[in-house]
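Visitor: I am new here and would like to know how such a structure is described. Could you show me around?

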Amino acid sequence: MAAKGQDGDDVDHYEVLCLPSGEEGAALSVEQIEKAYRTQSRLRHPDKRPDDPNATADFQSLASSYKFLRDESLRRQFDARLRGRREAAARAAATGVKRRKAVSDLEERERAFAAGGGQYVDPDELARREDKRKAADIDRELNELKARKNSRISGPASTSAHGDKKGGSTENGVKTDKGKYLKVSWEGGADYYTAAKLEEIFKQFGKVEDIVIKTKKSRNRGSAIVVMASKEAAKTALKNHSVYNVFPVPLMVAPVEESGPAFATPPSEPPRAINIDGTGFVDMEASVFRKLQEAHKRKQCG
């Protein structure tokens, strides 16, 4: 093992003798250093490496480092120098983390400033506005679908044999029971929670029918829709807020407001098979109602 130069600051004399460095090296006894030197001198003697042109220089470095560490005064100074290097590296790493955090915060403020039309807007307020905008988009699309469906229907609407008395569904439409829906959100890493991890958390309150992860548009914020099998299970999940605060990335859980008949499929459009086991990673706005509509139709046919 060759060192760059025995008088240079880049030489770690412990490593030259194949010993642990840092605080562990500083705790080694003289006997342990002597034992390591004897072992390495037998292994790295030039006579045992006749084809290695660096064998002599390596052996001289070994002897020089051993002599250096045998000197108590030089060894104390060397240990102090290594300790200073480690502390400087730790400070540099901490500074790097703080700098990256500052850059991230600055970028977030700039995005909020641009989204606010040249005026600063709090990022949380911006997120609330975005949630309201998406909810309005969903309502608009559902109303358009309902209008298209009504325009295709001629004559009195026939009621499905499986329709319930609480305003159930027609043959091609589904009443979305949003009392079973939970809106889940978190901050601290959009990829932290997967559908499988969320199902593991919420199944303690009852059966989970589906979980739809929102398409990621932010590195820090994540959200999903969790569909429980019953309203009672959803209410139980809402009552147990303390459960969600024990995770490294806490969850925020809120109900989704009730609505009327929410989705209709045109008669000419065949149903598509989906995964109702809660492992789909698809866009929330476009998929959650389609999944529930198809699940409801399968229950009726079953």
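Guide: Gladly! Helices here are DSSP runs of H or I with at least four residues, strands are runs of E with at least two, and both are numbered from the N terminus. Please keep in mind that this is a predicted model, where local features need pLDDT of at least 70 and side-chain atom pairs count only at pLDDT 80 or more, while totals for chains, interfaces and linings use all residues. Residues are numbered from 1 along each chain as its sequence is written, and side-chain values use heavy atoms, with hydrogens and water left out.

Visitor: What makes Arg-133 and Asp-137 a salt bridge?

Guide: A salt bridge is a side-chain nitrogen of Lys or Arg within 4 Å of a carboxyl oxygen of Asp or Glu. The closest N and O atoms of Arg-133 and Asp-137 are 2.8 Å apart, so the pair meets the definition. Side chains of opposite charge can pair when their charged atoms come close.

Visitor: Why is Arg-133 called partly exposed?

Guide: Buried means under 20% relative accessible area, exposed means over 50%, and partly exposed lies in between (1.4 Å probe, protein chains only). Arg-133 has a relative accessible area of 39%, so it is partly exposed. Asp-137 is at 22%, and therefore counts as partly exposed too.

Visitor: Which residues are linked with Arg-133 in a network of salt bridges?

Guide: The network links Arg-133 with Glu-130, Lys-134, Asp-137, Arg-140 and Glu-144. The structure holds 18 salt bridges.

Visitor: What makes Arg-83 and Glu-23 a pair that links distant parts of the chain?

Guide: Arg-83 is in helix H5 (residues 72–115) and Glu-23 in helix H2 (residues 22–26), 60 residues apart. Their side chains meet in a salt bridge at 3.2 Å, N to O. Arg-83 has 33% relative accessibility, so it counts as partly exposed, and Glu-23, at 45%, is therefore partly exposed as well.

Visitor: Are Arg-49 and Asp-58 buried or exposed?

Guide: Both are buried. Their side chains also meet in a salt bridge, at 2.9 Å, N to O.

Visitor: Which residues touch the most other members of the largest nonpolar core?

Guide: Leu-198, Phe-202, Met-228 and Leu-251 do, out of 22 residues in that core. The largest share, 4 residues, comes from H7. A nonpolar core is a set of buried Ala, Val, Leu, Ile, Met, Phe, Trp, Tyr and Cys residues joined through side-chain atoms within 4.5 Å.
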